[in-house]
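Today I am opening a new structure and keeping notes as I go. Come along and look things up with me.

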Amino acid sequence: MAASRETLSMAERLIEFIQKNRRLLFVAFIAIIVGLAGSIAGITLRDRARLNAFVALDALEQRLEPLWAYVGSDEAGALLRQGEITALLEELAVFAARTSGFPAARAHTIRAAIFEEQQRWPLAQTAWTLAANAAPASYLAPISLFNAAVAAEEHGDLEAAIEMYARVLAAHSDTFFIATRAQFSIGRLEEARNNTEAALAAYRSLLSRWPDDPLFANLAQSRIIVLSD
């Protein structure tokens, strides 16, 4: 009986609390509902924005398809399409600046591919680097960094190329083939710069980390023998 009276007393106190604070509780309830609705709306808007970004990117890629045969060409017919190619490059740059993540990275890779075909290597290097920075956790990142290094090599910036290869190793050493190739490339470029000790260190690092690699481990071993004579 005492327990029943205690329960009743607690219920009465709860009712009294609700009655005294019903306005505050109502406001709090409305705030929770509005917050939940806002969160749901925010998620919906983000998903819609992402979908719209992919749709817009797909449209840009489709515009490139009929132009690709004229990219980097000196033929008379190709010269007539250069304005369209330039306009597409500009639109891709604007798109990448307005978006983020994978869509932005993909837009930069398209620009980089066009610049490579045109042999505009500094611009290609920059575009590949922007692609890697836009989506560092995606599969595009190691590929983009590696291609940025190749582009740097093409226009003679060996120091930048070595730096890019080092970034591949630092962030993407689990990407086996790219990592081993990047490590070997560092050794190769240090040889080109007459930095024999740095080249040997790079080759030895490759043998230490990937001793069973069927291609680059053998190449590294052969270079060590040559450089050590």
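This is a predicted model: local features need pLDDT of at least 70, side-chain atom pairs count only at pLDDT 80 or more; totals for chains, interfaces and linings use all residues.

**Entry 1: helix 6 and helix 7.** I looked up how helix 6 (residues 121-134) packs on helix 7 (residues 140-154), and found an angle of about 160° with the axes 8 Å apart. The two helices are therefore roughly antiparallel to each other. Their crossing is left-handed.

Then I asked myself which residues of helix 6 meet helix 7. I found Trp 121, Ala 124, Gln 125, Trp 128, Thr 129, Ala 131 and Ala 132 on the helix 6 side. Their partners in helix 7 include Ala 141, Leu 145, Ala 148 and Glu 154. Sorted by class, this contact has 10 nonpolar, four polar and one charged residues.

**Entry 2: the whole chain.** I stepped back to see what else is there. The chain has 11 helices and zero strands. It holds 229 residues, and 34% of them count as buried. Among contacts with a separation of 6 or more, 52% join residues 24 or more positions apart.

**Entry 3: helix 4 and helix 5.** Next I picked another pair. Helix 4 (residues 82-98) packs against helix 5 at an angle of about 155°, and their axes are 8 Å apart. That angle makes helix 4 roughly antiparallel to helix 5. I noted a left-handed crossing here too.

From helix 4, the contact uses Ile 85, Leu 89, Leu 92, Ala 93, Phe 95 and Ala 96. Helix 5 brings residues including Pro 103, Ala 107, Ile 110, Arg 111 and Phe 115. By class, I have 12 nonpolar, one polar and one charged residues for this contact.

**Entry 4: a closer look at Ile 110.** Ile 110 lies in helix 5, which spans residues 101-117. Is Ile 110 buried or exposed? Residues under 20% relative accessible area count as buried, so Ile 110, at 5% relative accessibility, is buried.

What does Ile 110 touch, leaving out residues up to four places away in sequence? I listed Leu 57, Glu 61, Leu 64 and Leu 92. Last, I checked the spacing from Ile 110 to Ala 124: they are 14 residues apart in sequence, and 9.9 Å apart in space from C-alpha to C-alpha.

How values were computed
Residues are numbered from 1 along each chain as its sequence is written. Side-chain values use heavy atoms; hydrogens and water are left out. Axes are lines fitted to C-alpha atoms, for helices over the stretch in contact, and angles run from 0 to 180 degrees between N-to-C directions. Helices (H or I, at least four residues) and strands (E, at least two) are DSSP runs, numbered from the N terminus. Angles under 35 degrees count as roughly parallel, over 145 as roughly antiparallel, 65 to 115 as roughly perpendicular and the rest as oblique. A crossing is left-handed if the near helix is turned anticlockwise from the far one by less than a right angle, and right-handed if clockwise. Contact means heavy atoms within 4.5 Å. Ala, Val, Leu, Ile, Met, Phe, Trp, Tyr, Cys and Pro count as nonpolar, Asp, Glu, Lys and Arg as charged, and the others, Gly among them, as polar. Buried means under 20% relative accessible area, exposed over 50%, partly exposed in between (1.4 Å probe, protein chains only).
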